[in-house]
Amino acid sequence: MSNILIINGAKKFAHSNGQLNDTLTEVADGFLRDAGHNVKVSRADADYDIKAEVEKFQWADVIIWQMPGWWMGAPWTVKKYMDDVFTEGHSTLYASDGRTRSDASKKYGSGGLMQGTRYMLSLTWNAPMEAFTDEEQFFHGVGVDGVYLPFHKANQFLGMESLPTFIANDVIKMPDVPRYIAEYRKHLSEIFA
């Protein structure tokens, strides 16, 4: 049994009300509770207590970031949440950048205090998967995790390790919510069951 924090980054954008990210948050919450895990959910666009959010990170064995792709990355509300919580977490989530003046062998990014904690990205994009994987398309074959490299590095700065990313594609052009739910439940079962 694990303690799992789901951060819902759903956000209204033009013709989207963030419903798919709300739905996938509910799917994960229900699936994980049914599998015997302890689950807490936070909303990145809510009026949250920053210290309480830091405590949730300390409590969690796994963090799930549920969010839409916005202008090639995380929505600003998710980035603001991360900035607020990670900054407040200095000395509890991370000690420093890891380096010291007296020991040149220490590497930048090695000062995280959350070793043993894992995190997972669960993403919704209108882009098809080929936009990420095909070298001739928009992201030149870097893959989903390549597009999210800075986001991954921010989590890894705290000492966390990544779990396989989930992505629902073509969510506006070719929506198939029942398929996304089934694929997400399968992804969760492979990692948490």
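Predicted model: local features only at pLDDT ≥ 70, side-chain atom pairs only at ≥ 80, totals over all residues.

Residues are numbered from 1 along each chain as its sequence is written, and side-chain values use heavy atoms, with hydrogens and water left out.

The protein contains seven helices and six strands, where helices (H or I, at least four residues) and strands (E, at least two) are DSSP runs numbered from the N terminus. Their order from the N terminus is β-α-β-α-β-α-β-α-α-α-β-β-α. The radius of gyration, taken over C-alpha atoms, is 17 Å, close to the 16 Å that the globule rule gives for 193 residues, so the protein is as compact as a globular protein of that length. That rule is 2.2 Å times the number of residues to the power 0.38. Of the 193 residues, 47% are buried, meaning under 20% relative accessible area with a 1.4 Å probe, protein chains only.

Which residues line the second largest pocket? They are Lys-79, Met-82, Asp-83, Phe-86, Thr-87, Tyr-94, Pro-150, Ala-154, Phe-157 and Leu-158. A pocket here is an open set of points on a 1 Å grid where a 1.4 Å probe fits, with protein on both sides within 12 Å along at least five of seven lines; lining residues have an atom within 4 Å of a point. Helix H3 (76–88) and helix H6 (149–157) each give two or more residues to this lining, and H3 gives the most, with five.

Definitions and conventions
Buried < 20%, exposed > 50% of the residue type's maximum accessible area, 1.4 Å probe, protein only.
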